[in-house]
Amino acid sequence: MSLAPSTAAPDPAWHPSACILCECNCGVEIRLGGVTGTRFERIRGDKAHPASRGYTCEKALRLDHYQHQPRLTAPLRRRPDGTFEEIDWDTAIREVAARFAAVRDAFGGEAIFYYGGGGQGNHLGGGYSGATLRALGARFRANALSQEKTGEFWVNGRMLGAIVRGDVEHAEVALFVGKNPWQSHGVARARVVLKEIANDPSRSIVVIDPRRTETAELADHHLQVLPGTDAFCLSALVAVIVQEGLVRRPWVDDHTVGAAEVEELFRGIDVAEHSRRCGVPEEQLRAAARRIAAASSVAVFEDLGIQMNRHSTLNSWLEKLIWVLTGNFGVPGGQYVPTPLVSLVRSEGRRSGSAGAESRSPVVGARIIGGLVPCNAIPDEILTDHPARYRAMLVESGNPAHSLADSKRMREALDALDLLVVIDVAMTETARLADYVLPAPTQFEKWEATFFNFDFPHNVFHLRRPVLPAPSNVLPEPEIHARLVEALGAVTDEQLAPLRDAAARGRIAFAEAFFAATAGDPRLAALAPVVLYRTLGPTLPDGAASAALLWGAAHRCALAWPESVRRAGFGGEGLELGEALFDAILASPHGVTFSVDDWGDSFGRVRTPDQRIHLVIPELVTELQGLAAAPPITSPEFPFVLSAGERRSFTANTIIRDPAWRKRDAAGALRVSTGDAAELGVGDGDRLRLITGRGEVEVSVEVDEGMQRGHVALPNGMGLDEPDGRAGVAPNELTDHRHRDPVAGTPWHKSVPARLEPLER
Ligand code: SF4
């Protein structure tokens with residue numbers, strides 16, 4: 001595979017971009033058409049994209065529904081009567097800055113909370129928010145990662161001090177835990193890769209999932225756990241590996257710390273009893289464990305099925321013990337530590353020592369992981385008379401009123417703020433509660449990128465160009481943040497003038513001036529994204545000012561991982577290497593391979609003090625020891641377990657608000673097992689009442705042979721509150737913010753106690 005940017009003559013009728021509906025961000029090409037010439041007349045996979053290589057799933061082909069939907073076209077201010085009025089940008093920026101400053105001056109910057117910063121396709125604009133937050137002295141923030149991934153981040157931090165991913169594409173055994181990559185992807189070219197493994201008799205797929213999913217259909221071992229009991233299954237797998245002498249020696253002794261303690265712990269696990277608790281026959285469990293232990297390589301991918309479920313952080317630890325005890329790190333087809341270009345979260349290394357050194361949220365003391373407050377703690381941080389409560393919030397490319405647990409409580413919290421400002425494309429459920437709404441271009445009208453760059457050994461970054469122009473009265477997020485920072489008086493034109501002069505002399509001159517200026521002025525350094533945007537940005541080609549942030553990222557990457565960057569084909573000494581990388585990012589509309597790693601590099605990226613993998617996490621040992629006493633999820637009042645938010649063919653997050661984008665299942669049916677449907681006397685399309693401790697809704701039924709009795713599932717991203725009514729059920733009208741993991745605070749959306757009733761009582 002060539003690592004150089006594509007030099008094929010571009011076809012001007014096709015605009016390279018990316019799908020924005022999951023973290024894979026497959027490269028696509030879009031042909032515009034229609035009466036206005038702005039419709040996405042055709043969309044195809046981009047063969048020149050170095051990661052997806054022409055692959056897409058069915059969702060990408062429907063992106064016209066995202067681009068052409070009701071949207072914001074001017075800044076809005078809430079009137080006293082609750083309605084909105086349009087205002088000009090100068091007024092909006094001046095008033096928003098003044099009102100945030102008033103909160104800061106009265107209560108301190110820590111009273112200002114930030115939510116969002118990007119979804120599945122848009123991280124570039126949010127990268128500039130740090131300057132606004134630092135200008136305000138704001139410190140606390142959250143985003144979707146802190147209701148999904150922070151438990152795994154915390155475990156990674158404690159065990160390795162680094163983010164870890166699995167090389168599913170080349171693994172002899174692929175283990176999916178609470179993940180259905182056929183629908184949720186997460187792996188480049190997921191369906192191709194799954195079929196390749198399934199069709200190769202020397203390779204195996206192992207799936208742990210309560211539903212017989214599309215991926216489970218392809219699996220050699222489907223451990224169909226009872227919903228919410230993954231911890232019993234995972235701990236039993238570890239126990240079989242330990243008890244049957246399948247631990248890989250001497251690898252484990254050479255690379256880990258704490259193996260003896262962990263093995264002693266798992267020698268005490270009663271595999272038969274754990275098998276009974278999770279509902280998977282013991283022989284199936286043992287066969288899967290033996291297959292994993294015998295493989296030359298095992299890649300593991302855990303996802304929301306366990307991360308938003310009971311014992312989620314414990315599950316992440318157990319999952320990692322499986323691949324560590326079988327020696328699957330730093331080898332092809334195993335786990336690796338990717339080269340970052342831009343980190344999505346702050347590193348959770350072990351260097352700070354004990355859990356006592358971790359930061360906590362100011363009111364309820366929730367553990368902050370990767371710099372993120374647990375989403376489920378946000379309402380409790382606001383709905384209180386505690387003096388350190390959050391009093392103002394900036395929401396950017398996020399929709400907490402719909403997407404976070406317990407929407408009723410979240411709306412109450414947002415209503416209680418002194419100030420709520422939303423930056424978004426559309427009038428979301430959250431924007432409707434705001435004091436000010438600032439409109440941004442769609443992801444196809446601006447320079448855009450995501451920081452989900454986790455591939456290995458070839459890692460790819462894709463800076464996307466605008467496919468079509470934005471309406472005249474919306475502003476890209478970097479411009480909004482630059483104006484806010486300036487209105488706050490945090491940076492002046494005089495401070496920036498020398499850097500502008502240096503930029504006019506060329507990028508090496510700029511680099512020397514920028515690094516000297518920020519080294520000597522920490523306040524300027526804190527505003528670096530906006531400083532770059534205002535000084536380097538105007539000099540970038542094709543109006544790519546929003547890419548200025550990536551200049552710093554390219555230099556950081558080249559400085560930290562020069563060999564990886566050189567192996568990707570970039571050269572030069574000192575600053576030249578970072579400049580070469582940045583040039584390639586700017587000049588590669590189809591994406592660029594920015595690093596090429598060696599498998600052994602992963603060992604050097606383990607950030608524990610002794611560079612070994614630490615197996616013992618005392619908090620999780622304690623949780624495991626108490627697992628037998630875990631209470632049942634169901635009760636006579638709520639005999640069903642609801643998975644609230646299942647990914648399906650036509651589900652995404654809430655950025656496509658037009659329900660017509662779904663080719664199937666427009667109403668988002670509740671999946672019910674054949675046995676339960678028969679007992680309830682319902683069939684496809686019949687309606688039932690679904691009741692949880694927090695709400696009740698009417699649902700239509702889809703009878704699903706893959707579901708177990710007692711388990712029902714609703715899709716994610718449905719129930720948006722549009723003028724012509726809601727299509728489907730908003731899952732978080734049914735969830736409870738108090739139901740969360742004790743370590744990471746991540747919600748238990750996949751195991752909500754529920755009951756079903758006929759509509760006529
Ligand atoms: S939703 Fe499908 S096409 Fe879009 S990025 Fe994900 S896998 Fe690719």
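**Ground rules.** I number residues from 1 along each chain as its sequence is written. The model being predicted, I took local features at pLDDT of at least 70 and side-chain atom pairs only at pLDDT 80 or more, with totals for chains, interfaces and linings using all residues, and side-chain values use heavy atoms, with hydrogens and water left out.

**Entry: helix 3 and helix 18.** I looked up how helix 3 (residues 129–136) packs on helix 18 (residues 477–487): the angle is about 20° and the axes are 8 Å apart. Helices (H or I, at least four residues) and strands (E, at least two) are DSSP runs, numbered from the N terminus. Axes are lines fitted to C-alpha atoms, for helices over the stretch in contact, and angles run from 0 to 180 degrees between N-to-C directions. I therefore note helix 3 and helix 18 as roughly parallel to each other. The classes are roughly parallel under 35 degrees, roughly antiparallel over 145, roughly perpendicular from 65 to 115, and oblique for the rest. The crossing of helix 3 past helix 18 is left-handed (the near helix is turned anticlockwise from the far one by less than a right angle; clockwise would be right-handed). Helix 3 makes the contact through Ser129, Ala131, Thr132 and Ala135, and helix 18 through His481, Leu484 and Val485; contact means heavy atoms within 4.5 Å. I list the residues of this contact as 4 nonpolar, 3 polar and no charged. Nonpolar covers Ala, Val, Leu, Ile, Met, Phe, Trp, Tyr, Cys and Pro, charged covers Asp, Glu, Lys and Arg, and polar covers the others, Gly among them.

**Entry: helix 8 and helix 10.** I read an angle of about 110° between helix 8 (residues 230–243) and helix 10 (residues 259–267), with axes 8 Å apart. That makes helix 8 roughly perpendicular to helix 10. On helix 8 the contact uses Ser235, Val238, Ala239, Val242 and Gln243, and on helix 10 it uses Glu263, Phe266 and Arg267. By class, the residues of this contact are 4 nonpolar, 2 polar and 2 charged.

**Entry: Leu325.** I found Leu325 in helix 14 (residues 312–325). Leu325 is buried, at 0% relative accessibility (buried is under 20% relative accessible area, exposed over 50%, partly exposed in between, with a 1.4 Å probe and protein chains only). Not counting residues up to four places away in sequence, Leu325 touches several residues, among them Val238, Val242, Val262 and Leu615. I also noted Ala259, 66 residues from Leu325 in sequence and 8.2 Å away in space, C-alpha to C-alpha.

Entry: Asn180 sits in the loop between strand 9 (173–177) and helix 5 (181–184) and is buried, with a relative accessible area of 10%. I find its side chain joined to that of Thr215 by a polar contact of 2.5 Å. A polar contact is a pair of N or O atoms within 3.5 Å; within protein, one must be able to donate a hydrogen and the other to accept it, and residues adjacent in sequence count only if both atoms are side-chain atoms. Beyond four places in sequence, Asn180 touches His185, Thr213, Glu214 and Thr215. His185 lies in the loop between helix 5 and helix 6 (190–199) and is buried at 4%.

**Entry: Arg211.** I placed Arg211 in the loop between strand 10 (204–208) and helix 7 (214–218). Arg211 is buried at 7% relative accessibility. Its side chain makes a polar contact of 2.9 Å with the side chain of Asp704. Residues touched by Arg211, leaving out those up to four places away, include His222, Gln224, Glu646 and Arg671.

**Entry: backbone.** Most residues other than glycine have a negative phi, and most peptide bonds are trans. I recorded a positive phi of about 60° for His185 and one near 55° for Arg189. Arg189 is in the loop between helix 5 and helix 6 and is buried at 13%. The Arg249 to Pro250 peptide bond is cis, with omega near 5°, and Pro250 is in the loop between helix 8 and helix 9 (251–255). The Phe456 to Pro457 bond is also cis, with omega near 0°; I place Pro457 in the loop between strand 17 (436–439) and strand 18 (458–461).
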